[in-house]
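Take a moment with the sequence and the fold. Then follow the text from the overall layout down to single residues.

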Amino acid sequence: MKITAVDALKVRVPIKGDYRMAKGVHKALDSVLVRVVTDEGIVGVGDIHQGVAGYTSETVDTIFSIIKGAYAPVLVGQELDSPERLHRLLTEERMGNPFARSGIEMAIFDILGKQAGLSVAGLLGGPVRKSILLSGGIGIETPEVAAKKVTDIVEAGYRTIKVKIGTDDVTQDIARVRACRKAVGDDIAIRIDANAGYNMTDALIVVKALGELNIEHIEQPVAGEDWEGMARLRALGAVPIMADESIVTPSDAYRLVHMGACDVIKIKITKVGGYINARKIIDVCESSGTELVIGQGLCSSIEAAAEAQLACAFSHVCSVAEMVGPAKLRDDLTDSPISLEGGQLSLPEGNGIGIDLSEEKLAQYTVGGEITVPAS
Ligand SMILES: [Mg+2]
């Protein structure tokens with residue numbers, strides 16, 4: 001089976017309200033929809049959201065340009081026989097660009113699953129579960145609004161919530177987390193994400209304060225490159241430390257664990273560049289006894305399903321994931337959005353990623369690029 005075309009489109013889907021974090025604000029879901037077509041008529045899809053400015057250097061424009069200008073010319077004409085071989089080809093053509101590459105890998109695994117009659121989780125060696133619990137997340141809000149929002153999330157069935165902090169106002173950040181703990185009681189797990197927002201002084205204040213609030217973990221309190229700072233905060237023993245922005249490659253995961261700089265690792269299929277690298281990071285975590293959480297806060301049902309396939313493929317992955325992006329959308333790129341009912345994601349029944357792209361919705365939300373590949 002040969003690849004005959006690779007298409008990319010810039011897409012913008014409205015969201016239910018601004019989603020604010022330490023290093024930027026989402027005002028819509030901006031993404032690049034990728035389709036890979038084969039000579040057997042099988043079309044694979046992928047979708048990659050644009051992270052906020054402080055999270056990734058990639059934008060919808062760079063993702064689109066790299067796919068159209070660098071990766072598509074290399075892939076067209078290739079035998080679709082080995083994702084690992086194609087992964088290496090892309091690396092040789094243009095290193096980095098993990099968000100762009102993850103979209104290509106989603107589409108490639110979608111095709112291989114459809115051809116084999118398997119889900120992507122099945123291709124990866126699973127599934128070990130057909131559904132996964134979710135952590136319901138809120139952005140940076142006043143303590144009062146945060147308390148109301150997490151109460152609504154718990155009433156919707158979630159047993160784990162995630163609260164964003166990491167602003168210049170440490171007092172307000174701590175007050176937000178206290179208000180959430182008071183609102184949901186002691187039986188709900190609370191995760192905290194600072195998105196690399198603190199300097200070391202503020203991070204020390206926050207981590208010590210959170211120690212009284214029975215927090216599951218604090219995610220990326222200091223800059224991604226400050227591995228020594230992460231190790232210092234972990235040594236306090238107050239709250240387990242999660243690394244997110246610090247980890248892009250399998251080598252990052254290996255070295256960060258080796259230097260004792262985190263208790264938990266977070267991966268997103270986009271940040272790590274797709275299934276091949278994600279699997280290697282999961283192996284590092286399993287072999288070192290390091291907990292691993294998967295998921296991202298804003299994405300379409302296509303991207304959430306692609307990531308859920310990964311989370312359901314491996315037993316070492318934490319059974320509470322975070323791909324809750326579709327819950328924040330006003331619409332989606334499919335007529336059958338992924339089910340997040342009751343704080344639990346059900347793996348789609350279909351082969352490949354398991355989500356059917358809607359041509360009508362794609363046409364409605366496309367804001368850039370030419371549709372050059374018809375869907376089969
Ligand atoms: Mg994070």
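What follows moves from domains to helix pairs, and then to individual residues.

This is a predicted model.

On the domain 1 side, 39 residues are in contact with 35 residues of domain 2. Several elements of domain 1 give two or more residues to this side. The strands are strand 1 (3–13), strand 2 (19–21), strand 4 (29–38) and strand 5 (43–49). The helices are helix 2 (83–93), helix 3 (98–116) and helix 12 (359–365). Helix 3 gives the largest share, with 10 residues. By class, the side of domain 1 that touches domain 2 has 22 nonpolar, nine polar and eight charged residues.

Now turn to the helix pairs. Two packed helices are described by the angle between their axes and the distance between the axes.

Begin with helix 1 (residues 60–75) and helix 2. Their axes come within 10 Å and cross at roughly 140°. Helix 1 and helix 2 are therefore oblique to each other. Angles over 145 degrees would count as roughly antiparallel. The crossing of helix 1 and helix 2 is right-handed. Which residues of helix 1 meet helix 2? They are Ala-70, Tyr-71, Val-74 and Leu-75. Their partners in helix 2 are Leu-86, Leu-89, Leu-90 and Glu-93. The contact has seven nonpolar residues, no polar ones and one charged one.

Next comes helix 5 (residues 143–155) with helix 6 (residues 170–184). These two pack at an angle of about 35°, and their axes are 8 Å apart. Their crossing is right-handed. From helix 5, the contact takes in Pro-143, Glu-144, Ala-146, Ala-147, Val-150, Thr-151 and Val-154. From helix 6 come Ala-175, Arg-176, Ala-179, Cys-180, Ala-183 and Val-184. Sorted by class, the contact of helix 5 with helix 6 has 10 nonpolar, one polar and two charged residues.

Helix 6 also packs against helix 7 (200–210). The axes of helix 6 and helix 7 come within 10 Å and cross at roughly 20°. That makes helix 6 roughly parallel to helix 7. Helix 6 passes helix 7 in a right-handed crossing. On helix 6, the residues in this contact are Val-170, Asp-173, Ile-174 and Val-177. On helix 7 they are Asp-202, Ile-205, Val-206, Ala-209 and Leu-210. Seven residues of this contact are nonpolar, none is polar and two are charged.

Stay with helix 7 and follow the chain out of it. The loop between helix 7 and strand 9 (217–219) holds Asn-214, and Leu-213 lies in this loop too. Leu-213 touches Val-177, Arg-178 and Arg-181, leaving aside residues up to four places away in sequence. Leu-213 and Val-177 are 36 residues apart in sequence, yet 8.3 Å apart in space from C-alpha to C-alpha. Is Leu-213 buried, exposed or partly exposed? It is partly exposed, because 16 other C-beta atoms lie within 10 Å.

Asn-214 has a positive phi of about 50° although it is not a glycine. Asn-214 is exposed, since 12 other C-beta atoms lie within 10 Å. Compare Asn-97, in the loop between helix 2 and helix 3. Asn-97 is not a glycine either, and has a positive phi of about 55°. But Asn-97 is buried, because 23 other C-beta atoms lie within 10 Å.

Another backbone detail concerns a proline. Where is Pro-127? It is found in the loop between helix 4 (120–123) and strand 6 (131–138). A cis peptide bond joins Gly-126 and Pro-127, with omega about -5°.

End at helix 11 (residues 301–311), which contains Glu-307. Glu-307 counts as buried because it has 29 C-beta neighbours inside 10 Å. Setting aside residues up to four places away in sequence, Glu-307 touches Ile-269, Ile-294, Gly-295, Gln-296 and Met-323. Glu-307 and Val-36 are 271 residues apart in sequence and 18 Å apart in space, C-alpha to C-alpha.

Terms used:
Residues are numbered from 1 along each chain as its sequence is written. This is a predicted model: local features need pLDDT of at least 70, side-chain atom pairs count only at pLDDT 80 or more; totals for chains, interfaces and linings use all residues. Two residues are in contact if their C-beta atoms, placed from the backbone, lie within 7 Å. Helices (H or I, at least four residues) and strands (E, at least two) are DSSP runs, numbered from the N terminus. Ala, Val, Leu, Ile, Met, Phe, Trp, Tyr, Cys and Pro count as nonpolar, Asp, Glu, Lys and Arg as charged, and the others, Gly among them, as polar. A residue is buried if 20 or more other C-beta atoms lie within 10 Å of its own, exposed if 12 or fewer, and partly exposed in between; C-beta atoms are placed from the backbone. Axes are lines fitted to C-alpha atoms, for helices over the stretch in contact, and angles run from 0 to 180 degrees between N-to-C directions. Angles under 35 degrees count as roughly parallel, over 145 as roughly antiparallel, 65 to 115 as roughly perpendicular and the rest as oblique. A crossing is left-handed if the near helix is turned anticlockwise from the far one by less than a right angle, and right-handed if clockwise.
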